[in-house]
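Subject: Structure handover

Hi,

Here is the structure I promised to pass on. My notes follow below it.

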Amino acid sequence: MTTTASNDFGAALASFAATLTCEHIPDPVLRRAEDLFLDWFACTLAGRTGEPIRILEGWVERHARSGDAELLTSRRRVDALFAAMLNSAASHMVEQDDVHNGSVFHAAAVVFGPALALAQARNASGAQLLEAIVAGYEVGVRVGEYLGRAHYKRFHTTATAGCLAAAAATGRLLNLDPERMLWAFGSAATQAGGIWEYLREGAHSKQLHCAHAAAAGITAAELAADGFTGATRALEGAGGMGAAMSEHADPARLVDGLGSRWTLAESSFKFHASCRHTHPAGDALLALMQRERLTHEDIADVLCGVHQSALDVLSPIVEPKSVHQSKFSMGTVLGLLAVYGRAQLPDFEQHYLEPRVVALRNKVRMQLDPEVDAAYPARWIGKVWVRTVDGRSLEARMDEPKGDPGNTLSRAELEDKAQRLAVFADGASPAEMRSVIARAWNLQHETTVRDWLS
């Protein structure tokens, strides 16, 4: 697959997304897309009972028309726009969806919702869905990398780059030509937004970020199909996203390795049910405790060496007031890992305020580590220093947290995770999930992607 050498980087990216087919995509990337689809599907089922999702679902019930797209939360059928919104929001509820390290971007939450909804509305095949998924990931990740760390400090990248990712995925399903795909990018970019203040207050905006990105992408792509124009330099122009929402944005990142480097394959699965910024230190602490045969009662103090973005996101949560906030508390995550050896969904629900967990939480501190910060976001390194009650000083590091491409989850582990997520909120029975898993592993050859649960 060839790309242009022009400096019109956004146009090159749009052309790539518009012309991508399964024949262009290496087989391991297609298999990884199937893995990611199953993971997203199960995350959506697990998020169905969250308070923000229940409120959004009530809103959808008031406004949505009947249609062909499944609400995985309730198994109702509605039009694609509303199904995309609710499924995307639900998939980001329990903090188990995948993340791309270099862009700090949760692609699944904003790609699969609109892609599946529109694919069902158009009775698309599994191969067509896969093409849309890969297009969405490749565009969204590159936009996130282009906007960079300065953007992430002020904006939730999943909300902003997510609008472009959703537009690319749905634009591919609509068979937009390169010009109209570029218009869709322009209309998606002008709708992009998503600020961080919700995190400090425990507000529900995080799920709205995903719902809005999904809707913005579908709207942009469908309007472009009808001839609605969008700015052709909405990414790199003088009034574009890079200029308005970042500093030192490098447009060349938009086409980095396009057609040869597959960013979808770089995505990391989440093993712990918490903010990904907590995972490197959490895995380092687990490794240290196992190596030294420590229990939580042996620990007097924990110091975590982290990157600046971890401080920005996690530092505001000192005493979490909700289950969701607790997943952004480094101390709570390390407390659960130290006490229970795990930090899964039921652990947060049942134990985030347990005295033993709180006691350990209060012993955890974070500090900026120059090596960790320099490696981020390409690598998410975890470092911990532990002082024991008997006076020992111990340390450990984790160079590839569980779930990263070099330390990934096997299909057997993904199946186990999917079953646990489905059970968590009674989203599907084990038998139903076995059927979903079998279809996911065969997604490229599915003649239709209708009727997964309803």
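Predicted model: local features only at pLDDT ≥ 70, side-chain atom pairs only at ≥ 80, totals over all residues.

Glu 415, Ala 418, Gln 419 and Ala 422 in H19 meet Pro 430, Met 433, Arg 434 and Ile 437 in H20. By class, the residues of this contact are five nonpolar, one polar and two charged. H19 covers residues 411–424 and H20 covers residues 430–440. Their axes come within 10 Å and cross at roughly 140°. That makes H19 oblique to H20, since only angles over 145 degrees count as roughly antiparallel. The crossing is right-handed.

The loop between H19 and H20 holds Asp 426. Asp 426 is not a glycine, yet its phi is positive, at about 55°. Asp 426 counts as exposed because its relative accessibility is 65% and the cut-off is over 50%.

Asn 175 also has a positive phi, near 55°, and is a residue other than glycine. Asn 175 sits in the loop between helix H7 (157–173) and helix H8 (178–189). Its relative accessible area is 54%, so Asn 175 is exposed.

Now the core. The largest nonpolar core has 163 residues. Phe 37, Leu 164 and Phe 185 touch the most other members. Helix H6 (residues 126–154) gives the largest share, 13 residues. Leaving aside residues up to four places away in sequence, Leu 164 touches Val 139, Val 143, Phe 185, Ala 188, Ala 189, Leu 235 and Met 241.

One last item is a cis peptide bond, from Tyr 376 to Pro 377, with omega near 5°. Pro 377 lies in the loop between helix H18 (370–375) and strand E5 (382–388).

Best wishes

Methods
Residues numbered from 1 in each chain as written. Heavy atoms only, no water. Axes fitted to C-alpha atoms, helices over the stretch in contact; angles between N-to-C directions. Helix = DSSP H or I, 4+ residues; strand = E, 2+ residues; numbered from the N terminus. Parallel < 35°, antiparallel > 145°, perpendicular 65-115°, else oblique. Left-handed = near helix turned anticlockwise from the far one by under 90°. Contact = heavy atoms within 4.5 Å. Nonpolar A, V, L, I, M, F, W, Y, C, P; charged D, E, K, R; others polar. Core = buried A, V, L, I, M, F, W, Y, C linked by side-chain atoms within 4.5 Å. Buried < 20%, exposed > 50% of the residue type's maximum accessible area, 1.4 Å probe, protein only.
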